[in-house]
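Here is a short briefing on one protein model. Look over the sequence and the structure first, then work through the points below.

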Amino acid sequence: ASSTDIAAALGKELASPSFTPDGAAAAAYRSIWTPQLRLQRDFQVYGGEFLMAQPVEKLRGFFSAFFQLETILWGGFLA
């Protein structure tokens with residue numbers, strides 16, 4: 001989300017006759033965290049939690065194999 005998206009969401013809430021600070025905060029949150037971005041973050045958190053639950057020996061093997069793949073296959077995971 002850009003600053004203009006957030007400003008537009010807040011401006012709409014501020015102009016509302018039923019304005020509340022909670023409503024403005026919720027509108028700003030929705031403009032920042034779209035459903036797609038929330039799903040992406042949830043998936044990243046899940047992946048991080050999964051990796052952290054693995055024994056160190058398995059992680060070493062995983063990352064050794066992971067970085068032997070072509071950069072195009074793994075580069076997006078580190079972006």
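From the N terminus on, the elements of the protein run α-α-α-α-α. That comes to five helices and zero strands. Helices (H or I, at least four residues) and strands (E, at least two) are DSSP runs, numbered from the N terminus. This is a predicted model: local features need pLDDT of at least 70, side-chain atom pairs count only at pLDDT 80 or more, and totals for chains, interfaces and linings use all residues. Residues are numbered from 1 along each chain as its sequence is written, and side-chain values use heavy atoms, with hydrogens and water left out.

**Confidence**

- pLDDT is the predictor's confidence in each residue, from 0 to 100.
- The protein averages a pLDDT of 92, and 99% of the residues score at least 70.
- Among the elements, helix α2 (residues 21-32) has the highest mean pLDDT, 94.
- Helix α5 (residues 71-74) has the lowest, 89.

**Overall shape**

- The protein has a radius of gyration of 20 Å, whereas a compact globule of 79 residues would have one near 12 Å.
- This radius is taken over C-alpha atoms, and the globule rule is 2.2 Å times the number of residues to the power 0.38.
- Along its principal axes, the C-alpha trace spans about 60 × 25 × 15 Å.

**Surface and charge**

- Buried residues make up 13% of the 79 residues.
- Buried means under 20% relative accessible area, exposed over 50%, and partly exposed in between (1.4 Å probe, protein chains only).
- The accessible surface comes to about 6500 Å². Carbon and sulfur atoms hold 65% of this surface.
- Accessible areas come from the Shrake-Rupley method with a 1.4 Å probe; for residues, only the protein chains shown count as cover.
- The protein has 6 positive and 7 negative charges, and their mean positions are 2 Å apart.
- Lys and Arg count as positive and Asp and Glu as negative; His and the chain ends are not counted.
- The place of a charge is NZ of Lys, CZ of Arg, CG of Asp or CD of Glu.

**Aromatic rings**

- Rings of Phe, Tyr and Trp (its six-membered ring) pair if their centres lie within 6.5 Å; planes under 30 degrees apart count as stacked, over 60 as edge-to-face and the rest as tilted.
- By this rule the protein has seven aromatic pairs.
- One of them joins Phe62 and Phe63: their centres are 4.9 Å apart, with 80° between the planes, so the pair is edge-to-face.
- Phe62 is partly exposed, at 39% relative accessibility. Phe63 is partly exposed too, at 32%.
- Phe66 and Trp74 form a tilted pair, 6.1 Å centre to centre and 50° between the planes.
- Phe66 has a relative accessible area of 14%, so Phe66 is buried. Trp74 is buried as well, at 16%.
- Ring pairs link Phe62, Phe63, Phe66, Phe67 and Trp74 into a cluster.

**Residues across the chain**

- Lys12 sits in helix α1 (residues 3-15). Its relative accessible area is 65%, so Lys12 counts as exposed.
- Lys12 and Pro55 are 43 residues apart along the chain, and their C-alpha atoms are separated by 50 Å.
- Phe19 lies in the loop between α1 and α2. Phe19 is partly exposed, at 35%.
- The C-alpha atoms of Phe19 and Phe62 are separated by 51 Å, and these residues are 43 apart along the chain.
- Trp33 is partly exposed, with a relative accessible area of 31%.
- Between Trp33 and Ile72, 39 residues apart along the chain, the C-alpha separation is 27 Å.
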